[in-house]
Amino acid sequence: MKNIVILTGAGISAESGMGTFRDTDGLWTRYAIEDVATPQGFARNPALVQEFYSIRRVKAAEAMPNAAHLALARLERAWPGTVTVVTQNVDGLHEKAGSGAVLHMHGELAGALCSACGHRWRAPDKMEAGDRCPSCNEPTARPDVVWFGEIPYHMDRIIDLLAEADLFASIGTSGQVYPAAAFVDQAREAGAQCIELNLDPSDISHVFDEVRTGLASQIVPAWVDELLGTVPDVNPAEEERDAP
Ligand code: OAD
C-alpha cells in the first residue's frame with residue numbers, strides 16, 4: 001500500500017468549533033444555500049454573502065486544529081508513500097496542523113477572487129459588497145470559495161490521485177455533495193481499499209469496505225496509529241511528540 005488519498009468534510013473541523021452544514025444545528029438550518037452559497041445569491045445580495053463568509057473567516061482564523069487534523073499531518077510525515085488531503089473545508093486547519101499536501105476543492109476563506117479578471121489575493125478579515133480588485137480595480141471582489149453551480153478546484157489533479165490510490169479514506173462528510181461524494185466510486189474502480197470515518201454512517205457508507213463511527217478526534221488518531229503500526233521503524237508515540 002503506497003498512495004493514500006483522504007477526503008475531509010466539515011465533521012473533521014466540528015470539534016475545532018467550525019460547525020457543520022447538515023447536522024441538526026448545522027449552517028444550512030439557519031441559512032438558505034441559495035442565498036449564501038450560489039452565484040445568484042451573491043448577485044442578489046452581496047452584502048449578506050460577504051458578511052456570511054467574513055464571520056466564518058474570523059472564526060476560522062481563531063480556530064485551532066484538533067487531534068484528527070494533527071493525526072493526518074503525522075501520517076503525512078511518517079508514511080513512506082504519498083498522503084494527500086482533499087478537503088471540502090474552506091478553513092485552514094489542515095495546514096495549521098502541519099499537513100503540506102492539501103487540495104482545497106471548495107476554495108478557502110483566506111482567499112479573495114476577482115470575478116472580473118480572475119486575480120487572487122489574501123482576503124482581509126472583513127470583505128464587503130463592492131470591494132475592489134487590487135489588480136483591475138473593478139468592484140468585483142468575492143470570497144475565493146466554490147459555490148453551488150460552480151466547478152470545484154483541482155479536479156484534474158484529484159481524478160489523477162484517485163486513479164493511483166491504494167487507500168481512500170473519507171472523514172467527516174455526509175456524502176451528499178457531488179463530485180466529492182463520487183470519489184469513493186472512482187477510488188474503488190482504481191482498486192483502492194475504501195474506509196469511512198464519520199460520527200454516524202453517511203448516506204453512502206454502503207459503498208465503503210469499512211466504516212468506523214465516532215468522534216473524529218478519537219477515531220482518526222486511532223486509525224493513523226494502526227496504519228503507522230504497519231510501517232517498519234515508525235514508532236507512533238515518538239511521532240506524536242514531534243507534532244506541532
Ligand atoms: P455536512 O454538514 O454535510 O456533513 C458533516 C458530516 O460530519 C456529517 O455526516 C456528520 O455526521 C459528521 N460529523 C459531525 N461531527 C463530527 C465529528 N465530531 N467527528 C466526525 N464526524 C462528524 O458537511 P460536508 O459533508 O463537509 O459546500 O458538506 C459538504 C459540502 O456541503 C461543504 O463543503 C459545503 C456544503 O454545502 C459548499 O458550500 C459548496
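## Exercises on a parallel sheet and its cores

F168 has C194 in β8 as its bridge partner. The model is predicted, so local features need pLDDT of at least 70, side-chain atom pairs count only at pLDDT 80 or more, and totals for chains, interfaces and linings use all residues. Residues are numbered from 1 along each chain as its sequence is written, and side-chain values use heavy atoms, with hydrogens and water left out.

**Exercise 1.** Determine the strand order of the open sheet and its edge strands.

*Solution.* Begin with the elements, which are DSSP runs numbered from the N terminus (helices: H or I, at least four residues; strands: E, at least two). Two strands pair if DSSP finds at least two bridges between them; β7 (residues 167-171) and β8 (residues 193-198) are joined by five. The order of the six strands is then β3-β2-β1-β7-β8-β9, with parallel pairing. The edges are β3 (102-104) and β9 (210-213), each of which pairs on one side only.

**Exercise 2.** Identify which strands helix α6 touches.

*Solution.* With contact taken as heavy atoms within 4.5 Å, α6 (residues 67-78) touches β1 (4-8), β2 (83-87) and β7.

**Exercise 3.** Describe the largest nonpolar core.

*Solution.* Such a core is a set of buried Ala, Val, Leu, Ile, Met, Phe, Trp, Tyr and Cys residues joined through side-chain atoms within 4.5 Å, where buried means under 20% relative accessible area (1.4 Å probe, protein chains only). The largest has 25 residues, and I6, L72, L75, V220 and W223 have the most contacts inside it. Helix α10 gives the most to this core, with seven residues.

Conventions:
Axes fitted to C-alpha atoms, helices over the stretch in contact; angles between N-to-C directions. Buried < 20%, exposed > 50% of the residue type's maximum accessible area, 1.4 Å probe, protein only.
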